[in-house]
Amino acid sequence: VRILAIESSCDDTGAAVIVDGKILSNHIANQSIHEQYGGVVPELASRAHQENIVPVVDIALQTAGVKREELSAIAFTQSPGLIGSLLVGSCFAKSMAMALDIPLIGVHHMQAHVLANFIDDPKPDFPFLCLTVSGGHTQIVLCESPLQMRVIGATLDDAAGEAFDKSAKILGLPYPGGPLIDKYAQSGDGNRFKFTEPRIPELNFSFSGLKTAILYFLQENQQKDPDFIAKNLPDICASIQQRIVSILMNKMVKASQETGIRDIAIAGGVSANSGLRKALAEYGTKHHWRTFIPKFEYCTDNAGMIAMTAYYKYLAGDFVSLDVVPTARAAF
Ligand code: ATP
Ligand code: FE
């Protein structure tokens, strides 16, 4: 089984080839154009996808050593995401499936983030819990089988990635600020500044209160000392990161206790965060969990995870027809 997968939900154009469940290539074109605007501009993202998609697909096929005529199916990200971006990937995938007369597979982007944990060994056993933390989502997902999963906790406002990016913005760091907070945090003391942990019911999250607390804290201190941020950047970043990570991990402890599940995975762009990765290992030891984190390139947006999900869908005969329409939002 040879599948070409395309990812175009946000600002990265990705293509990957999976052969009999093994990823043979995973290529991505990043769009740096958005940096100067401090966020992703949907219109510009769609155009860049349009420019990138043919070369990215060509490189993915070449690297894998697979010819178009040898493909068994084409997969694409169907939802959620920016609609203009999704349309570019879906139109391309449909055209290719039609030209080659092979099946088309629609993939849910958040399901794919979870299944990134199945690309390399060791893999979690079912049922397992996955904390998916990305730029647009924060979810605790209970996975019963590759294609059977449900969200048992989610954010009520900002996503964890947004919490990182918005905090970075307040600190005057460029977009996306998450990786920069991580970088400065490495030489800082996370216990120096205390931001309170919100009390949110059940397995849900909220990050907007933290953002406001950080804003007021910095405004107050900058008034007293205009160089406060400059002098304390590593400690501020470490303290912010420590709080975001503890909010996430404490809910995972609760989720594990309530479900009795001790195979715990993380996924999504924020799972690249070194503080979160370290905390997962520490909590794992303490609570007797087996823990799983995808390789770095499969944490942020990539087509490899779309390919992995598509492989399971192919085996299940789960195809979509050529009149399928991508959607900006969708549950799974
Ligand atoms: P979604 O998957 O919800 O549609 P997305 O695809 O835009 O959102 P991802 O690419 O999975 O999100 O993740 C991007 C987010 O991850 C950004 O908010 C970015 O700041 C954050 N991020 C990436 N690396 C790190 C890091 N090392 N530390 C903290 N945050 C990080
Ligand atoms: Fe994503």
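Guide: Two strands are said to pair if DSSP finds at least two bridges between them. Helices (H or I, at least four residues) and strands (E, at least two) are DSSP runs, numbered from the N terminus. This is a predicted model: local features need pLDDT of at least 70, side-chain atom pairs count only at pLDDT 80 or more, and totals for chains, interfaces and linings use all residues. Residues are numbered from 1 along each chain as its sequence is written, while chains are lettered from A and ligands numbered from 1 in the order in which they are written.

Visitor: What makes β9 and β10 a pair, and in which sense do they run?

Guide: Strand β9 (residues 263-267) has three bridges to β10, and the definition asks for at least two, so the two strands count as paired. The sense is parallel, and Ala265 stands opposite Phe292 in β10.

Visitor: Why are β8 and β10 called edge strands?

Guide: Five strands form an open sheet of mixed pairing, in the order β8-β7-β6-β9-β10. Each of β8 (148-154) and β10 (290-292) pairs on one side only. From one strand to the next, the twist averages 25 degrees. Helix α7 packs on this sheet, touching β6 (128-133), β7 (138-145), β8 and β9, and its direction makes about 160 degrees with that of β6. Such angles run from 0 to 180 degrees between N-to-C directions, with axes fitted as lines to C-alpha atoms, for helices over the stretch in contact.

Visitor: How do you know that β1 pairs with β2 and with β4?

Guide: Six bridges join β1 (residues 2-7) to β2 (residues 13-19), which run antiparallel, and a hairpin of five residues connects the two. With β4 (residues 73-79), β1 pairs in the parallel sense over four bridges. Ile3 stands opposite Ile18 in β2 and opposite Ala73 in β4.

Visitor: Why is Gly178 called buried?

Guide: A residue is buried if 20 or more other C-beta atoms, placed from the backbone, lie within 10 Å of its own, exposed if 12 or fewer, and partly exposed in between. Gly178, in helix α5, has 27 such neighbours and therefore counts as buried.

Visitor: How are Gly136 and Gly172 classed, and why?

Guide: Gly136, in the loop between β6 and β7, has 19 other C-beta atoms within 10 Å and is therefore partly exposed. Gly172, in the loop between α4 and α5, has 11 and is therefore exposed.

Visitor: What puts the buried residues of α6 on the same side?

Guide: The buried residues Leu210, Lys211 and Ile214 cover an arc of only 100 degrees around the axis, which puts them on the same side of α6. The arc is that of the directions from the helix axis to the C-beta atoms. Exposed residues on the other side include Thr212, Tyr216 and Gln219. What covers the buried residues includes α4 (160-170) and α7 (228-259).

Technical notes:
Contact = placed C-beta atoms within 7 Å.
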